[in-house]
Amino acid sequence: MTGPVRLRVDFIACAGRGLCAEALPELITLDDWGFPIVTGRAVPPRLLADARETVRLCPKLALRLDRRHQTSDS
Amino acid sequence: MILGAAELPRLLPAGYAAGPVGLAGHLARYGPLPCPRSGRLDGRALIAEAGRAGLTGRGGAGFPTARKLAAVAAGRAPVLVANGTEGEPASAKDKVLMARSPQLVLDGAVLAAEAIGACRAVVVVHPHVRGILDGAAAERARARLDRVPVDVRTAAGGFVAGQASAVVRWIERGVPAPTATPPRLSERGPRRPSAVVQNVETLAHLALIARYGASWFRSVGTPAEPGSMLVTVLGAVRAPGVLEIAAGTPLGRVLDLAGGASAPLQALLLGGYFGDWVDAAQALGRPFSAAGLADLGAGPGAGLIAALPAGACGLRETARVVRYLAGESAGQCGPCRFGLPAIASEVERLVEGRGADPGLLSRWLGQVDGRGGCAHPSGAVRLVRSALRTFGAEVSSHAAGRCRGAAVVLPVPPGGTR
Amino acid sequence: MSVAGSQSLWLVSRGSGLMLLAGFSAVVVLGAAARMGSVPRGWSRLGLGELHRTLALFCVAFLGLHVATAILDPYVTIGWAAVVLPFASPYRPLAIGLGALAVDLGGAVLLTSLARRRLGYRAWRAVHWLAYLAWPAAFWHAVTAGTDLRIGWVALAVWGCAAAVATACLARLLHRWRPV
């Protein structure tokens, strides 16, 4: 992927298992209830491979690497 | 032109009527639906006209309507969903619009459906007005008015049921809970038709723009925020209810139209339960528009204006609403499901002077904001933050056991719907 | 092939079979534990999940050895088809057939796991439940096709595996129906 890439969490799928925060503590921390807080900044190139790996190992497939900026439906 | 340019009301019938305006009365007042000689509506022209008119969504988010209608993905024919759920308990504007002007809402739904090339229009309505919409749809069917079939459905109960993706999931699967975006509703892939959701008030405006054009629409309101809008005024006013005003009308004038304040006011809640508390003295001179309220950290939202009298307590009211919002979580997302009840408990402790930790509250507000499958947690956070800003001086008096009063102003349904 | 060569193939087949039973039993227990979040002190949930996956992939590879040595052994006629087609083996069709069943079910779990992102969570999870059928098939295959159960420590190992998996399944069931 070229261009700024961001990690995004699908909170509806997320079950708060916490594997992502263990795998990528540089970019993901857990809130007080065990759910991931993902940095809104772009993933630095040196962590891109780790980020892809983290996306793979989420047991609920709740993590994504996204390039476009989304607008929401109201 | 049958309806005068700067004349209000536009959407609602003038004066009080015992029931909904029937089809004959509707056509007499507004004139016929635009019916091009070719027999098919020029959808692109209508969308362009809506763009020139500057029509924005009246469901709370204020997204430009023309842009939304134009963004329907190619593929299977889309479905137009008219959202009349109005899950917000304090807001009554959509119910009143549907109850008094159902034909106008259906006009808009059908026009929007034709404009996007939809195969049908699904109108999801609050249970209180289902019968009225059924009657209105039947009248149209007998008159063979519409080229697109209209399907009236009853909305689910509950606050989040009115969220756009929740409405779609409700009509497709019977589950009134939000779904993940992406996929966006307008791009859901080959297996499901795309859905375009529009608030019923937005569609009513569209029905009039189709008849009278963009300039007519813009003849009231402000250049940046044109047109009229429906507002629900409640709380310490003499004649609470739903009014139609020009966008940008000063708040003091809006309250006067609702009979004026019935007591000295300390604050206003603007927008809805996802909206903002503002100091009354500061706000009364401001126009009720996004531009006019921006520097107060507020906006028109879903058109709610609640007047808080001096004898009531803004923090106490906020605690009640946040507890309600926590109970109304769809429960799908951790930060909302666990964070909102925690925030509600902390706000309650603050109100009852039971040693609330403002640092903890602030931490949780930061952790919950923006994290969830829909705007529910963010909306609740926004409300609490505006309460802390507007009623901040009272936090310490609550810690000392003093409160302005326990008068109930904001309606909170008992027990919850889950 | 010499008799000694055939004996060696048979030995490797039996030995690898026992190791695979232990290996796949550990995979099931790890999978259930990772799902339930039951992580011993000092372990990580991530580690448990990754161990489950890595061990499963290793066992699949090792399965190749078990199957190849059994088929290539000239002493009995099984045939390659019997690896995936249940009851296609002339030699002890039921016992070998159970092994084929385990391969089929386990194969579905494997393939869907490799294509997880493309399939989506729901489809992947539905097929993954088949693991709870694949293991009993493999176990029953081990008990009927295996020839070493009369040896004390082998029986201990085999029934030990059964006990571990049964415990994990029970815990998983209770977890599913726990009061939320």
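Below is a short chat about the chains, their contacts and their parts.

Q: What should I know before we start?
A: This is a predicted model, where local features need pLDDT of at least 70 and side-chain atom pairs count only at pLDDT 80 or more, while totals for chains, interfaces and linings use all residues. Residues are numbered from 1 along each chain as its sequence is written, and chains are lettered from A and ligands numbered from 1 in the order in which they are written.

Q: Thanks! Which pair of chains shares the most contacts?
A: Chains A and B do, out of two pairs of chains in contact. Two residues are in contact if their C-beta atoms, placed from the backbone, lie within 7 Å.

Q: And how far apart are the nearest C-alpha atoms of chain B and chain C?
A: They are 12 Å apart, and the two chains do not touch.

Q: How many residues does the contact of chain A and chain C take from each?
A: It takes 10 from chain A and nine from chain C. On the chain A side, helix H1 (residues 19-23) gives the most, with three residues. That side of chain A divides into six nonpolar, one polar and three charged residues. Here Ala, Val, Leu, Ile, Met, Phe, Trp, Tyr, Cys and Pro count as nonpolar, Asp, Glu, Lys and Arg as charged, and the others, Gly among them, as polar.

Q: New topic: how many helices and strands are in chain C?
A: Chain C has seven helices and zero strands. Both are DSSP runs numbered from the N terminus: helices are H or I with at least four residues, strands are E with at least two.

Q: How do H1 and H2 of chain C cross?
A: The axes of helix H1 (residues 3-36) of chain C and helix H2 (residues 45-72) of chain C come within 8 Å and cross at roughly 160°. Axes are lines fitted to C-alpha atoms, for helices over the stretch in contact, and angles run from 0 to 180 degrees between N-to-C directions.

Q: So are H1(C) and H2(C) roughly parallel or antiparallel?
A: H1(C) and H2(C) are therefore roughly antiparallel; under 35 degrees counts as roughly parallel, over 145 as roughly antiparallel, 65 to 115 as roughly perpendicular and the rest as oblique. By class, their contact has 20 nonpolar, nine polar and one charged residues.

Q: What does chain C span overall?
A: Along its principal axes, the C-alpha trace of chain C spans about 60 × 40 × 25 Å.
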